[in-house]
Amino acid sequence: MALHGLDTGPLYLLIGALAQARGANEEARECLEASVFRTPGMVEAWVRLARVSPPDSWEALRERARPWLSLQDYAKLDEFHTEQASNVQ
């Protein structure tokens, strides 16, 4: 899904967020994967990607994000994972 001249992480984040709002989680996941590929330092994209991903993939997702996020941003992603893990159990 290449968008000529607009092939950027923030745009894919927006498209993914809209798909997520419509309940199209698979489409959202694809767009959010494209977003973190293009702009891996965007914590919002990682958190949204985690929200539309199955729980058994959260730990791997967190490890993928670790090298790209600041300590502060990684703490936000970690907070999401901690909250979700306590809800799953």
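Which residues in H2 meet which residues in H3? Arg-29, Leu-32, Glu-33, Ser-35 and Val-36 in H2 meet Ala-45, Trp-46, Arg-48 and Leu-49 in H3, where contact means heavy atoms within 4.5 Å. Sorted by class, the residues of this contact comprise five nonpolar, one polar and three charged; Ala, Val, Leu, Ile, Met, Phe, Trp, Tyr, Cys and Pro count as nonpolar, Asp, Glu, Lys and Arg as charged, and the others, Gly among them, as polar.

The model is predicted, with local features requiring pLDDT of at least 70 and side-chain atom pairs counting only at pLDDT 80 or more, while totals for chains, interfaces and linings use all residues. Residues are numbered from 1 along each chain as its sequence is written, and side-chain values use heavy atoms, with hydrogens and water left out.

Two packed helices are described by the angle between their axes and the distance between the axes. Helices are DSSP runs (H or I, at least four residues), numbered from the N terminus. Axes are lines fitted to C-alpha atoms, for helices over the stretch in contact, and angles run from 0 to 180 degrees between N-to-C directions. For H2 (residues 25–38) and H3 (residues 43–51), the axes come within 9 Å and cross at roughly 150°. H2 is therefore roughly antiparallel to H3, a term for angles over 145 degrees. The crossing of H2 and H3 is left-handed, that is, the near helix is turned anticlockwise from the far one by less than a right angle (clockwise for right-handed).

H3 also packs with H4: the axes of H3 and H4 come within 10 Å and cross at roughly 170°. H3 is therefore roughly antiparallel to H4, and H3 passes H4 in a right-handed crossing. Here Trp-46, Leu-49 and Ala-50 in H3 meet Trp-58, Leu-61, Arg-64 and Ala-65 in H4. The contact of H3 with H4 has six nonpolar, no polar and one charged residues.

Helix H4 (residues 58–65) also holds Arg-62. Arg-62 counts as buried because its relative accessibility is 16%, the cut-off being under 20% relative accessible area with a 1.4 Å probe and protein chains only. Leaving aside residues up to four places away in sequence, Arg-62 touches Tyr-74, Leu-77, Asp-78 and His-81. Arg-62 and Leu-77 are 15 residues apart along the chain, and their C-alpha atoms are separated by 7.3 Å. The side chain of Arg-62 also makes a polar contact with the side chain of Glu-59 at 3.2 Å; a polar contact is a pair of N or O atoms within 3.5 Å, and within protein one must be able to donate a hydrogen and the other to accept it, residues adjacent in sequence counting only if both atoms are side-chain atoms.

Terms used
Helices (H or I, at least four residues) and strands (E, at least two) are DSSP runs, numbered from the N terminus. Angles under 35 degrees count as roughly parallel, over 145 as roughly antiparallel, 65 to 115 as roughly perpendicular and the rest as oblique. Buried means under 20% relative accessible area, exposed over 50%, partly exposed in between (1.4 Å probe, protein chains only).
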